[in-house]
Every structure is written in C-alpha cells, then in structure tokens.
Amino acid sequence: VQDYPAALRSIEAAIARAPGSGTYWVLRGQYLELSGDKGRAVQAYLKALSLYDSPEATAALARLGVKP
C-alpha cells in the first residue's frame with residue numbers, strides 16, 4: 001500500500017466500528033510505523049497488547065526498542 005493516509009483512514013474507520021479489536025490496532029501500528037510516525041505506532045501497538053496477547057505487537061515494540 002502506497003497511499004498510507006487512505007489506508008490509515010480505513011483502519012481508523014474499522015477501529016471506530018470495533019474499538020476492541022486488537023487486530024485493527026496492530027494494523028494501525030503497522031501503517032503508522034511504515035509512514036514514519038513511530039510514536040503513534042508505539043501507542044497503537046500498546047493498545048493492541050492491552051486487548052490481547054499479540055505476538056505481532058510484541059515483536060514490533062521490540063523492533064522499535066520499547067518494552068511493553
């Protein structure tokens with residue numbers, strides 16, 4: 001996906017419909033990370049972890065140098 005703003009809008013719309021979906025929060029983190037917004041990506045990954053034990057979020061945080 002090259003259109004990060006459009007992709008992020010889609011993910012945020014999905015989160016608005018299902019805020020308890022950890023998967024959507026991981027996706028949000030991935031798009032934010034790819035677009036260069038590391039701070040907001042970390043927040044999204046931490047939110048995902050607060051919802052479920054996400055190996056993807058854990059790995060992303062480790063890659064970004066953050067301990068959950």
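Mentor: Residues are numbered from 1 along each chain as its sequence is written, and side-chain values use heavy atoms, with hydrogens and water left out. In this predicted model, local features need pLDDT of at least 70 and side-chain atom pairs count only at pLDDT 80 or more, while totals for chains, interfaces and linings use all residues.

Trainee: Are H2 and H3 roughly parallel or roughly antiparallel to each other?

Mentor: Two packed helices are described by the angle between their axes and the distance between the axes. Axes are lines fitted to C-alpha atoms over the stretch in contact, and angles run from 0 to 180 degrees between N-to-C directions. H2 (residues 22–34) and H3 (residues 38–51) pack at about 165 degrees, with axes 8 Å apart. Angles over 145 degrees count as roughly antiparallel, and H2 and H3 are therefore roughly antiparallel.

Trainee: How do the residues of the contact of H2 with H3 divide into nonpolar, polar and charged?

Mentor: Contact means heavy atoms within 4.5 Å. Among the residues that meet are Trp25, Val26 and Leu32 in H2, and Ala41, Tyr45 and Leu51 in H3. Ala, Val, Leu, Ile, Met, Phe, Trp, Tyr, Cys and Pro count as nonpolar, Asp, Glu, Lys and Arg as charged, and the others, Gly among them, as polar. The division is 8 nonpolar, 3 polar and 5 charged.

Trainee: What covers the buried residues of H2?

Mentor: Buried means under 20% relative accessible area, with a 1.4 Å probe and protein chains only. The buried residues of H2 include Trp25, Tyr31 and Glu33. Their cover includes helix H1 (4–17), H3 and H4.

Trainee: At what angle do H3 and H4 pack?

Mentor: Val42 and Leu46 are among the H3 residues that meet H4, where Ala57 and Leu61 are among the partners. The axes of H3 and H4 lie 9 Å apart, and the angle is about 145 degrees.

Trainee: Which residues are in contact with Ser54, leaving aside its neighbours within four places in sequence?

Mentor: Ser54 is in the loop between H3 and helix H4 (55–63). Ser54 counts as buried because its relative accessibility is 0%. Its contacts beyond those neighbours are Val26 and Leu49.

Technical notes:
Helices (H or I, at least four residues) and strands (E, at least two) are DSSP runs, numbered from the N terminus. Angles under 35 degrees count as roughly parallel, over 145 as roughly antiparallel, 65 to 115 as roughly perpendicular and the rest as oblique. Buried means under 20% relative accessible area, exposed over 50%, partly exposed in between (1.4 Å probe, protein chains only).
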